[in-house]
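Please open the model in your viewer and keep the sequence panel beside it. The stops below are given in the order in which to select them.

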Amino acid sequence: MAAIKRFFEKRKLDVKFKKAGGGHRLAEDSSQRKVPSDASSRPSPPKRQGPPETGQRAAEAALARIQSAQHGHPGGSTAAIRARIKREMEEEKKSLEKAEAEGAASRSVQSEIVQDSAPILSVIFYKCPEIGEAILPKSEMEAYIHEFLLNGLAEEPEMSSALMIQTLNKDREKVKVCIETLAKYIDNVINHPDEEKYRRIRVNNKAFQERVISLSGTEEFLQAVRFQLKTLPHEDHEEDFYVLEDEAASDIDRLKGIKEVLAMAEPIKPQLDRSIKVFHPSSSTTASKFNIPNEFYAISPEEIKKEQLRRNEAVEKLGMLRTKAMRERDEQRELRKYRFTLLRVRLPDGIILQGTFRALEKLSALLGFVRENLVNDWMPFLLSSSTGEKLIEEDLTLAELGLVPAAVVNFAWDPTVMAEVTAQQGASASSNILKPEVAALIQQF
């Protein structure tokens with residue numbers, strides 16, 4: 001498949017195959033291959049739907065609990081506080097058990113989001129430029145990548161199956177062991193092409209079951225190598241084996257090429273789409289109104305249970321001195337509350353540039369996002385928080401800078417450089433800030 005080859009070429013993997021004698025052989029030139037168009041095979045983006053409301057309710061409940069525990073009741077005794085927290089925990093536990101009893105189906109029910117004057121980001125979107133132009137929610141993007149790989153098996157089975165192993169299995173340690181085991185199988189055949197025992201893999205072998213065939217894409221890879229599944233005598237009974245026939249085993253160059261592809265394959269990873277938006281100037285109040293998707297919150301029913309345990313710890317803290325290490329641990333816990341953040345950059349002319357980021361991305365990612373959308377992307381600029389604090393520590397994450405789960409930051413040109421440019425070019429130097437194609441996206445709040 002042409003798309004699979006382009007993916008490898010982008011990663012500087014110059015391994016080429018051509019059809020020959022019913023199999024695949026290494027070739028110096030594959031320019032004669034007919035390259036089919038892959039545009040029709042791409043799934044069209046499905047309709048976007050809003051997120052479930054369970055996560056938002058859980059987040060709101062957690063926030064309410066934290067605020068309640070922090071403020072308490074004026075003049076309340078330690079015993080009274082403990083009793084109140086215990087009572088609330090018991091009530092919350094009952095509510096949680098009732099919600100869980102309704103089943104997973106009830107938790108997946110989608111509900112309409114109530115809109116306010118601020119725009120709504122209903123779901124997080126991803127892209128994968130290396131394989132296509134689709135922009136989809138995460139689960140649909142994963143399905144899109146899977147289909148891309150399946151479509152490539154007919155034309156490039158070696159490359160596609162190697163990518164499947166890397167991409168479709170999340171446990172990196174298991175993937176590493178699998179790759180090493182498959183490479184060992186191929187090495188055995190290369191070193192002993194005439195020995196039958198090295199060309200057979202018993203399916204029920206424990207190591208094969210645990211290290212190889214339990215991972216997605218391995219069956220397709222074995223077929224690409226031209227192993228065939230056969231039932232053969234084994235001791236006093238019959239068992240299934242993957243068998244490499246004489247012709248395939250004798251093509252050493254081809255086997256070496258497949259091993260190279262296996263070693264160089266890397267997982268296809270979807271990238272967070274910035275979901276860029278541009279808005280007309282508005283009041284600071286309107287620009288600060290956010291409606292955050294559930295995906296922004298790293299909280300779930302399991303997290304609620306953990307929150308209950310943390311509240312137990314909070315009760316114990318009332319009677320003990322908190323150490324520096326404990327405070328730092330709590331600060332790190334706060335930083336991990338959010339997975340994403342919605343950031344708005346207010347430009348000097350009042351226009352708002354909006355993008356979506358991971359909470360653990362660094363400030364440098366935000367600076368790069370702003371710069372790539374500027375007409376004069378060479379000019380230095382500064383970003384500051386809504387309180388006027390300059391954002392200059394590029395190695396800090398957005399979470400560490402307090403820019404989660406949403407924030408408005410202010411943009412300003414470097415005053416020294418801007419003064420020189422204005423002196424040379426006049427006021428028009430700062431009139432058009434955003435690139436024309438970006439400015440064309442402008443809309444009302």
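The tour starts with the whole chain and then goes from one selection to the next.

**Whole chain**

This is a predicted model, in which local features need pLDDT of at least 70 and side-chain atom pairs count only at pLDDT 80 or more, while totals for chains, interfaces and linings use all residues. Residues are numbered from 1 along each chain as its sequence is written, and side-chain values use heavy atoms, with hydrogens and water left out.

Colour by secondary structure: the protein chain has 17 helices and 14 strands. These are DSSP runs numbered from the N terminus, helices being H or I of at least four residues and strands E of at least two. Of the 445 residues, 39% count as buried; buried means under 20% relative accessible area, exposed over 50%, and partly exposed in between (1.4 Å probe, protein chains only). The accessible surface is about 24,900 Å², and carbon and sulfur atoms account for 49% of that. Accessible areas come from the Shrake-Rupley method with a 1.4 Å probe, and for residues only the protein chains shown count as cover. Among contacts between residues at least 6 apart in sequence, 71% join residues at least 24 apart, a contact being heavy atoms within 4.5 Å.

**Salt bridges**

How many salt bridges does the structure hold? There are seven, each defined as a side-chain nitrogen of Lys or Arg within 4 Å of a carboxyl oxygen of Asp or Glu. Three of them are stops here.

Select R254 and E158. Their closest N and O atoms are 3.9 Å apart. R254 belongs to helix α11 (residues 252-264) and E158 to helix α6 (residues 157-168), so this pair links distant parts of the chain, 96 residues apart. Both residues are buried.

Next select K230 and E245, a salt bridge with 2.2 Å between the closest N and O atoms. K230 is in strand β6 (residues 227-234) and E245 in the loop between β7 (237-244) and α10 (246-250), so the pair ties together parts 15 residues apart in sequence. K230 is partly exposed at 31% relative accessibility, and E245 is partly exposed at 29%.

**The loop between β8 and β9**

Select R274 with E361; their side chains form a salt bridge at 2.9 Å, N to O. R274 is in the loop between β8 and β9, and E361 is in the loop between β11 (352-358) and α15 (363-371), so the pair ties together parts 87 residues apart in sequence. Both R274 and E361 are buried.

Stay in this loop, between β8 (271-272) and β9 (277-279), and select D273. Leaving aside neighbours within four places in sequence, D273 is in contact with F125, Y126, K127, I135 and T356.

S275 is in this loop too. S275 has a positive phi of about 50° although it is not a glycine, and at 15% relative accessibility S275 counts as buried.

**Backbone stops**

Most residues other than glycine have a negative phi, and most peptide bonds are trans.

Select R226, in the loop between α9 (218-225) and β6. Phi of R226 is positive, near 90°. R226 is partly exposed at 21% relative accessibility.

Move to V404 and P405, which are joined by a cis peptide bond with omega about -5°. P405 is in the loop between β12 and β13.

**Charged patches**

Show the surface. Patches of charge are made of residues with over 30% relative accessible area and no salt bridge, like charges being joined within 9 Å; the place of a charge is taken as NZ of Lys, CZ of Arg, CG of Asp or CD of Glu.

Select E389, E393, E394 and D395, which form a patch of negative charge. E394 is in the loop between β12 (381-384) and β13 (406-413), and is partly exposed with a relative accessible area of 42%.

Finish with K138, K170, R172, K269, R339 and R358, a patch of positive charge on the surface. K138 lies in helix α5 (residues 138-152) and is partly exposed at 41% relative accessible area.

Terms used: Patches are made of residues with over 30% relative accessible area and no salt bridge: like charges are joined within 9 Å, nonpolar side chains (Val, Leu, Ile, Met, Phe, Trp, Tyr) within 5 Å. Lys and Arg count as positive and Asp and Glu as negative; His and the chain ends are not counted.
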